[in-house]
Structures are given as structure tokens and as C-alpha cells.
Amino acid sequence: MNCLVRVLSAIVPHPLARSPRACPIAERVARCSMRQLFLVPLLLVLSVSLASTTSSPLPPLAMPDSSHIHYANQDVDQLRAGLEAAGERSDELLYRYRLYPLTEDAEVLSDIPSSLDEASARELALLAGLWAYRAGEASTLGAIRYGRRSVNLLNAAREKDPLDPFVLLIEGQSLLYRPSMAGGNPHMAADRFEQLRTVLDINDDVPIEQEEAMIWHWIALQEANENDRAASLHDELAQADLRPLYRQFLESPPQV
């Protein structure tokens with residue numbers, strides 16, 4: 001019953017944090033963290049003094065638009081560096097969102113806000129995802145409270161921009177993982193991921209890889225019993241040069 005309540009309440013119980021099937025290296029990661037991923041604020045990339053000619057060159061920093069690459073490569077170190085260097089609220093939320101499922105580090109979620117003032121759709125969606133992670137780790141009552149907060153934030157994000165890539169990604173995962181009695185619907189989830197793929201085709205500056213959208217689309221099609229479409233997409237993914245995380249997902253898909 002406790003498990004069911006958590007699933008009902010949390011909109012995105014991340015597969016890496018929950019299912020051994022999702023990650024063949026899970027036993028290595030259980031004691032500490034996998035490898036980091038996330039994004040570093042663009043404003044911090046070049047903090048070199050133009051007036052100084054003797055200062056030593058800065059070490060390379062993780063770029064905000066590289067978070068999807070670090071995530072797919074399971075590069076935890078880059079994500080932690082990005083989180084520490086984040087200067088913008090949106091960057092910090094994104095780093096936390098990408099970092100937590102790979103590490104299950106409670107400190108990543110310990111001080112997240114319950115709401116945001118003058119937030120973008122992306123920020124609201126990312127915060128919704130963070131509260132979903134927290135709901136998945138909470139007691140029964142905490143899971144209910146945090147899960148409702150997560151859903152409310154996601155609804156607010158949709159009202160601002162239903163086609164924001166992170167709104168589509170997190171809403172699709174929500175629809176995929178919630179049971180039908182709580183509004184889950186794999187057919188609708190597949191639609192969201194298909195929309196996400198279209199949005200990514202015309203927006204190449206979004207820190208979500210097309211392969212990530214394709215993997216989730218394939219998983220949703222399987223759950224919706226759209227077997228022919230799922231098989232066709234699987235063949236396309238199998239021939240692609242996938243990054244490590246997505247290759248693992250293809251070989252051992254997250255359990256829904």
C-alpha cells in the first residue's frame with residue numbers, strides 16, 4: 001500500500017532511481033553515485049579578466065547546453081560541478097533534476113523551494129520533477145503531500161507553455177508512470193513524447209537529446225501495446241550510435 005501511494009503521488013518516479021533493470025551497473029552505484037550530468041550557467045563560462053595579461057587560463061567548465069550529454073554519459077562529476085557553479089535559478093533546477101536520479105543523493109533535494117515567483121514553464125516543470133523525486137523517498141503522508149505539490153507545479157507549467165520541451169518530457173513520464181486510477185495513460189504519454197520529438201527537431205538549442213525523447217517514446221508505445229510502431233522505433237534506435245545510458249535503456253528498459 002505504501003508503494004502504491006508513492007506511485008499515485010509522484011509524477012515521475014525515475015527509472016534509474018527505482019529499477020535495477022534500468023541500469024546494469026546499479027550494483028556499483030548503490031553505495032555512492034554514478035557519473036554526473038547536468039548543466040552549468042552560461043554566464044560563468046568565460047569569467048576571464050580582459051585587463052589582466054598574466055592570469056592563468058581557466059579550467060573548462062560544464063556548459064549549460066551540455067547537460068543532456070553529461071546525463072546520457074552518466075558523468076556525475078560534471079553535473080556536480082555544474083550545480084556548484086550555477087548562477088541562474090533555471091540552471092540550478094536543471095542540474096538538480098539531472099543529477100538526483102543518477103546519485104540518489106538526498107542533499108540534492110534537501111533545500112528545493114515549494115514554489116517559484118515569476119517562473120517560466122521550464123522552471124516549474126523542473127521543480128515538479130524534483131518534488132516527484134522527493135515524494136518517491138518520503139513516508140506515506142509525505143509522499144501524498146509532495147506528490148500533490150508536484151502535480152500542481154506541473155499543471156502550472158502546462159498553463160504557461162504546454163509545448164515547452166521539459167513540460168512535455170516530465171508530463172510524458174508522469175502519464176507513463178502513474179496508474180490509470182491516478183490519471184496515467186500510456187497512449188497520452190506516447191503522444192507527449194512524439195510532440196517532444198517534433199519540438200526538438202525545430203529547436204536545436206534545448207538540453208534534451210533527440211535520442212532521449214525517442215527512448216521514452218518507444219517505452220510508452222510498448223506500454224500502450226502499439227507493437228508495430230514500437231518495433232519500428234526500436235529498430236531505428238538499435239542502429240543509432242546511442243550514448244551509454246540510452247543504450248542501457250534500450251537493452252534493459254525501465255520497468256513501468
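Predicted model: local features only at pLDDT ≥ 70, side-chain atom pairs only at ≥ 80, totals over all residues.
The protein consists of 13 helices and zero strands, so that the order of elements from the N terminus is α-α-α-α-α-α-α-α-α-α-α-α-α. Of its 256 residues, 49% are buried. Among contacts in the protein with a separation of 6 or more, 70% are made by residues 24 or more positions apart.

Helix 7 covers residues 121-137.

Two packed helices are described by the angle between their axes and the distance between the axes. For helix 9 (residues 165-177) and helix 10 (residues 186-202), the axes come within 8 Å and cross at roughly 160°. Because angles over 145 degrees count as roughly antiparallel, helix 9 and helix 10 are roughly antiparallel to each other. The crossing of helix 9 with helix 10 is left-handed.

On the helix 9 side, the contact is formed by Pro165, Leu168, Leu169, Glu171, Gly172, Gln173, Leu175 and Leu176. These residues meet Pro186, Met188, Ala189, Arg192, Phe193, Gln195, Leu196 and Val199 of helix 10. By class, the contact between helix 9 and helix 10 comprises eleven nonpolar, three polar and two charged residues.

Definitions and conventions: Residues numbered from 1 in each chain as written. Heavy atoms only, no water. Helix = DSSP H or I, 4+ residues; strand = E, 2+ residues; numbered from the N terminus. Expected span 1.5 Å × (residues − 1). Axes fitted to C-alpha atoms, helices over the stretch in contact; angles between N-to-C directions. Parallel < 35°, antiparallel > 145°, perpendicular 65-115°, else oblique. Left-handed = near helix turned anticlockwise from the far one by under 90°. Contact = heavy atoms within 4.5 Å. Nonpolar A, V, L, I, M, F, W, Y, C, P; charged D, E, K, R; others polar. Buried < 20%, exposed > 50% of the residue type's maximum accessible area, 1.4 Å probe, protein only.
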